Amino acid sequence: MEPIPIPFRFDPESFQINAPEELIPAVEAVIRSILPNAQFGTGRKLEVNVRWTDGQLIVQVVLDGLTEWSYTDREIQDERYDEDDRKRRARERVRLGVFTVIGEAYDVAPSPWGILTGVRPTKLVHKMIDRNFSSGELKRILGNVYGLVDEKIALLLDVAEKQQKFFHPNPNQPIGIYVGIPFCPTRCSYCSFAAYPLESHGHLLEPFFESLCVEIREIGVLLKELGVTVESVYLGGGTPTTIQGQKLTYLLELVRTWLVTSETCEFTVEAGRPETLSRETLHILADSGINRISINPQSMHDETLCRVGRQHTVRDVITAFNDARDVGIPMINMDIILGLPGEKLSHVRHTLDMIGDLQPDNLTVHSLALKRASRLRKSPEYLNIAQEQGEQMAHIAADYCSRWGLAPYYLYRQRYILSDLENIGYARPGTESVYNVQMMEERQTIIALGGGGITKLVAPDLSLVRLVNPKCPATYSQQLESSLPSKLCQIRQHLVV
Ligand code: SF4
């Protein structure tokens, strides 16, 4: 069998770049997205020329004086573009040129997402919709300027259109709340979140919990004083249901008292690990007004779960799901991951068949992201299988969701993601998570409390200020007393303007 091109290679290649100075970081970033070990200064000559003639942008990229890519952009003359857009467009054309030339030179498969390497591709579409670009214009721009394939263009436009109804005229009324609980029963091998295993870090739970309660009260006092309403509350992590019993009841009551308002339509707990979901815990969630939880199997194969360091079984997932329905939690999301080690198409089909029997309201389909240091990234055998089958896995998942009546409503991408795909949230119409949309599109202020929480203060022009809580529970509790006053002050200043 022919080797399958993978979306990046580890050749220790070196390049001498001749480009306008302000474009060099962008050029290097594109090369590194294909050749993560690339060096710069000497080596293969990459020439990048950019010039403007009568309002038209002409870009040329040449590798070693032999391979050439060039483009004359007339569309940028449109009066809906301003000076910043023109600068951006020059950078985008250069990126597409470098991406094409280097991709061809190293036989790397072009990404279906073209040069859209960012986490939130839908943000670009919303920005263009704001400026009255029609769907036909958007299709052309996404294809010509950004190099997206038709399938991704259609997905992006479909998702963006569904999200428009969630946006409010004022990004600060209502707002969203995130509470980070950075503990988990064990750590999954692919995890990139703030997640400290209870066995090794359980002694940090008590001081963390006390500090979190302080932060909840203080932020709550401020929001009530300012009359700010809260649209959604999301407890994530980690696995918040690592906290159990009376402590969980107390925490949820505190959140309800201080952070939930009469306008809150969604109160979610990421209950990802089914082994934390006893009937007692599920009753606590239901009695506390939680109307959405996530139970995340990732795979419905016990061998895979064991291989990636999860402690639970498929049976635990099914029991937790049925119990959650029994106690009356109205909306249940499930997460799966495509491309887990050892899994092929048949595994994905089997996982989806089993999930189909449960009928969750939402399904989030993740494609495995191979982290920088991951052993898997260095295994050509794994990469070839993953690359060969990743796209088919995503199509299988999309087909199942469509048969169940679940439609895509949010998506995001990660670096070094399987087959250069994306993560997609599917939902039965009317059960979409408003928090997921607001958090992803960054058009609403989200105040984040707890470990690893990143507050995003969104201004009316959609610019952002981020305030970051430490991920480590020990650092969080040690620093809260000194850091909270300034956080409160920044939030106050932002919300009263
Ligand atoms: S359950 Fe989620 S947050 Fe916890 S270790 Fe696994 S991937 Fe990380």
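Start at the ligand. Select Cys 184, Arg 187, Cys 188, Cys 191, Phe 193, Ala 195, Gly 237, Gly 238, Thr 239, Gly 272 and Arg 273, the residues around the ligand; each has its C-beta atom, placed from the backbone, within 6 Å of it. Colour this shell by class: five nonpolar, four polar and two charged. Here Ala, Val, Leu, Ile, Met, Phe, Trp, Tyr, Cys and Pro count as nonpolar, Asp, Glu, Lys and Arg as charged, and the others, Gly among them, as polar.

The model is predicted: local features need pLDDT of at least 70, side-chain atom pairs count only at pLDDT 80 or more, and totals for chains, interfaces and linings use all residues. Residues are numbered from 1 along each chain as its sequence is written.

Next, select Val 233 in strand β9 (residues 230-237). Helices (H or I, at least four residues) and strands (E, at least two) are DSSP runs, numbered from the N terminus. Val 233 is buried, with 24 other C-beta atoms within 10 Å; the cut-off for buried is 20 or more, with C-beta atoms placed from the backbone. Beyond neighbours within four places in sequence, Val 233 contacts Ile 177, Val 255, Leu 259, Val 260, Thr 264 and Phe 267. Contact means C-beta atoms, placed from the backbone, within 7 Å.

Now colour the protein chain by domain: domain 1 (1-109), domain 2 (111-166) and domain 3 (167-487). These bounds come from an automatic or database domain assignment. The contact between domain 1 and domain 2 takes seven residues from domain 1 and nine residues from domain 2. On the domain 1 side, α2 gives the most, with four residues. That side has three nonpolar, one polar and three charged residues.

Stay on α2 (residues 83-105). Its 23 residues should span 33 Å at 1.5 Å a residue, and its end C-alpha atoms are 33 Å apart, which agrees. The expected span is 1.5 Å times one less than the number of residues. Show its buried residues, including Ala 90, Val 94, Phe 99 and Ile 102. The buried residues of α2 pack against α1 (24-34), β3 (44-53), β4 (56-63) and β5 (67-73). Just after α2, check Asp 107, with a positive phi of about 55°.

Finish in the largest nonpolar core, which has 119 residues. Such a core is a set of buried Ala, Val, Leu, Ile, Met, Phe, Trp, Tyr and Cys residues joined through C-beta atoms within 7 Å. Ile 31 and Val 98 are among the residues with the most contacts inside it. Centre on Ile 31: apart from residues up to four places away in sequence, Ile 31 touches Phe 15, Ala 38, Val 98 and Ile 102.

Key
Buried ≥ 20, exposed ≤ 12 C-beta atoms within 10 Å, placed from the backbone. Contact = placed C-beta atoms within 7 Å.
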